[in-house]
2 protein chains.
Amino acid sequence: MEPAHVLVNSVYGASINSADRGLLYGHGLFETMRLFDGQIPLWPLHLERLIEGASRLHIPLDGGRVQADCQQLIRHMPEDTGILKVIVTAGAGSRGYASPVNQKPTVVVQFFPVPASTEFPVAVQLCRYRLSNNPALAGIKHLNRLDQVMAASELNVGEYGLLLDVNDHVIEGVSHNLFALIDGQWQTPLLDQAGVAGVMRRYLMETLIPLCGVDVKERAMTLPELLAAEEVFFCNSLVGIMPIAELAGLGIWKKWPYVEHLRKRLVELHPCYDV
Amino acid sequence: MEPAHVLVNSVYGASINSADRGLLYGHGLFETMRLFDGQIPLWPLHLERLIEGASRLHIPLDGGRVQADCQQLIRHMPEDTGILKVIVTAGAGSRGYASPVNQKPTVVVQFFPVPASTEFPVAVQLCRYRLSNNPALAGIKHLNRLDQVMAASELNVGEYGLLLDVNDHVIEGVSHNLFALIDGQWQTPLLDQAGVAGVMRRYLMETLIPLCGVDVKERAMTLPELLAAEEVFFCNSLVGIMPIAELAGLGIWKKWPYVEHLRKRLVELHPCYDV
């Protein structure tokens with residue numbers, strides 16, 4: 001599905017310069033956001049991550065400009081519910097890897113219709129593909145996403161994939177972060193070597209799970225530890241919380257009462273995640 | 001320097017679709033090639049690498065189309081000497097990581113004027129940034145080049161950088177491969193975990209160095225091994241062979257007779273590398 005409406009540097013149109021460093025080197029970032037009743041539920045977290053990522057990639061990003069472009073596209077859309085994707089790049093550049101002195105970042109905002117509802121719980125495949133390890137790029141939602149493209153190529157349409165890194169640690173889903181209830185404690189993989197630190201992951205860790213009176217531990221997680229977990233779920237800012245019933249051929253979770261408790265609390269606060 | 005002339009899918013023009021998977025995920029490849037007297041010296045090796053890379057990234061590339069587009073741009077140019085850059089992507093796609101069923105690859109060909117001559121020998125800085133390790137992507141000249149962008153951001157204009165990987169192995173320059181004469185044996189880093197397997201590197205290993213009556217060993221290389229080398233050089237298909245006189249603060253090479261011998265042999269066979 002190609003985007004229904006696109007804004008490139010505040011102008012309607014679907015084209016970008018073929019000398020854009022986003023294309024040449026993946027020198028940029030993106031956010032994929034739920035739009036619901038004209039609002040983006042976790043907007044402050046999305047914007048904060050974008051600004052933090054731009055700083056790590058040396059892109060002089062004006063957050064106000066991103067916000068204005070998102071608002072412009074939202075006002076323009078006949079629908080007020082769907083998905084908004086923002087791509088920010090270092091802008092058009094030279095042939096070499098070094099950034100130009102006067103970077104003019106490119107901001108692309110795309111609208112997509114809301115996808116079909118997901119049926120819970122989900123079954124997940126363990127991908128053979130392993131995530132690259134690099135502390136300097138870990139956590140950032142940058143445009144170098146061949147890892148996810150290669151992993152997704154192992155899956156059939158509608159299948160979900162779980163990814164380990166090259167050091168055998170459990171990291172995340174292809175498009176989701178992961179939480180596991182292990183010995184009564186919510187845990188989520190540490191993302192200091194690989195993975196994307198999702199906005200929903202942060203919201204759950206910092207706000208929702210503490211609201212439920214418990215806390216979350218971020219730590220390196222192995223596959224045997226995950227398989228021994230009482231309950232497991234995927235999350236992202238498009239679907240919210242998705243309980244996992246099976247890691248194909250490796251593990252089965254028959255009940256997920258604590259996941260369901262979190263999911264209900266999330267839906268109370270953000271009704272768009274009642275999928 | 002932005003490209004002087006650009007062909008996108010056989011049509012003159014500088015724009016690509018903002019839904020192109022090259023922009024969205026870096027799902028694509030590139031080649032940067034020397035153009036001299038209307039010819040690309042190592043063309044068969046460039047095309048072979050592009051086709052091999054496309055196969056590894058599941059892009060159904062027609063090599064004949066790339067060749068035709070390059071020839072079209074070369075015929076169109078008033079100059080017959082410069083740099084030709086080809087970018088191949090998986091084409092416009094959907095929002096998700098999975099490739100569309102009917103991929104239509106995008107082919108971009110850009111012309112750049114030949115850069116100013118390089119003065120030999122060169123001094124090289126050791127970059128603090130470390131290359132990601134991933135056997136599934138190692139060697140391919142794909143569009144996920146944040147590693148090189150981040151490393152280049154440490155360098156001043158005109159400086160050359162040497163890169164180690166996260167496991168402390170010597171891998172390559174920011175835009176060059178590396179060869180070292182160690183105990184009288186030409187060696188070049190093994191690129192099975194990280195790095196880009198350059199076309200000039202392959203030409204030197206398979207053709208030029210054997211023509212000189214010696215062979216090359218590909219192996220994991222540490223920094224102390226490199227510093228103990230008798231002679232060291234960088235190479236790529238734009239400049240040919242560049243002797244290295246210094247790794248700043250770490251090592252000095254005062255003479256490079258064997259490098260000069262290789263360089264002269266290369267220039268005899270390919271005069272464009274007489275820089």
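Between them, chain A and chain B bury about 4,600 Å², and 63% of this area is on carbon and sulfur atoms. Of the area that chain A buries against chain B, 19% is supplied by Arg95(A), Tyr97(A) and Leu146(A), which is more than any other three residues supply. The model is a predicted one, and this should be kept in mind throughout the reading. Counted by residues, the contact involves 62 residues of chain A and 61 residues of chain B.

What kinds of polar pairing are found between chain A and chain B, and how many residue pairs are in polar contact? There are 20 residue pairs in polar contact between the two chains, counting pairs with both residues at pLDDT 80 or more, whereas the count of salt bridges between chain A and chain B is zero. Several elements of chain A give two or more residues to the side that touches chain B, among them the strands β1 (5-8), β4 (28-35) and β5 (82-89) and the helix α1 (21-25). The element that gives the most to this side is α4(A), with six residues. Sorted by class, the side of chain A that touches chain B has 32 nonpolar residues, 20 polar residues and 10 charged residues.

The two chains are also joined through their strands. Strand β3(A) and strand β3 of chain B, which covers residues 15-17, run antiparallel and are joined by three bridges. Within this pairing, Ser15(A) has Asn17(B) as its bridge partner.

The next step is to look at the sheets inside each chain. Strands of a sheet pair through backbone hydrogen bonds, and they do so in either a parallel or an antiparallel way. In chain A, five strands make an open sheet with the order β2-β1-β6-β5-β4 and with antiparallel pairing. The edge strands of this sheet are β2 (11-12) and β4 of chain A, each of which pairs on one side only. Strand β2(A) pairs with β1(A) in the antiparallel sense over two bridges, and Leu7(A) stands opposite Tyr12(A) of β2(A).

Chain B likewise holds an open sheet of five strands, in the order β2-β1-β6-β5-β4 and with antiparallel pairing. Its edges are formed by β2 (11-12) and β4 (28-35) of chain B, and each of these has a single partner strand, so one side of each is left without a neighbour in the sheet. Strand β4(B) is joined by eight bridges to strand β5 of chain B, residues 82-89, and these two strands run antiparallel. Here Thr32(B) has Lys85(B) of β5(B) as its bridge partner.

Parallel pairing can be seen around strand β7(A). This strand pairs in the parallel sense with β15 of chain A, residues 240-247, over three bridges, and the bridge partner of Val122(A) in β15(A) is Ile244(A). Strand β7(A) also pairs in the parallel sense with β8 of chain A, residues 160-165, over five bridges, and there Gln125(A) has Gly161(A) as its bridge partner.

Over all chains, the count comes to eight aromatic pairs. In one of them, the ring centres of Tyr25(A) and Tyr97(A) are 4.9 Å apart and the planes stand at 50°, so the pair is tilted. Because Tyr25(A) lies in helix α1 of chain A and Tyr97(A) in the loop between β5 and β6 of chain A, the pair ties together parts that are 72 residues apart in sequence.

Side chains of opposite charge can pair when their charged atoms come close. The structure holds 16 salt bridges over all chains, including one in which the side chains of Glu48(B) and Arg202(B) meet at 2.8 Å, N to O. This pair links distant parts of the chain, with Glu48(B) in helix α2 (residues 43-56) of chain B and Arg202(B) in helix α5 (residues 199-211) of chain B, 154 residues apart.

Finally, the backbone deserves a careful look. Most residues other than glycine have a negative phi, and most peptide bonds are trans. The peptide bond from Phe120(A) to Pro121(A), however, is cis, with omega near -15°, and Pro121(A) lies in the loop between β6 and β7 of chain A. In chain B, a cis peptide bond joins Phe120(B) and Pro121(B), with omega about -15°. His58(A), a residue other than glycine, has a positive phi near 60°, and its place is in the loop between α2 (43-56) and α3 (63-76) of chain A.

Methods:
Residues are numbered from 1 along each chain as its sequence is written. Chains are lettered from A and ligands numbered from 1 in the order in which they are written. This is a predicted model: local features need pLDDT of at least 70, side-chain atom pairs count only at pLDDT 80 or more; totals for chains, interfaces and linings use all residues. Side-chain values use heavy atoms; hydrogens and water are left out. Contact means heavy atoms within 4.5 Å. Buried area is the accessible area (1.4 Å probe) that two parts lose on being put together, summed over both. A salt bridge is a side-chain nitrogen of Lys or Arg within 4 Å of a carboxyl oxygen of Asp or Glu. A polar contact is a pair of N or O atoms within 3.5 Å; within protein, one must be able to donate a hydrogen and the other to accept it, and residues adjacent in sequence count only if both atoms are side-chain atoms. Helices (H or I, at least four residues) and strands (E, at least two) are DSSP runs, numbered from the N terminus. Ala, Val, Leu, Ile, Met, Phe, Trp, Tyr, Cys and Pro count as nonpolar, Asp, Glu, Lys and Arg as charged, and the others, Gly among them, as polar. Two strands pair if DSSP finds at least two bridges between them. Rings of Phe, Tyr and Trp (its six-membered ring) pair if their centres lie within 6.5 Å; planes under 30 degrees apart count as stacked, over 60 as edge-to-face and the rest as tilted.
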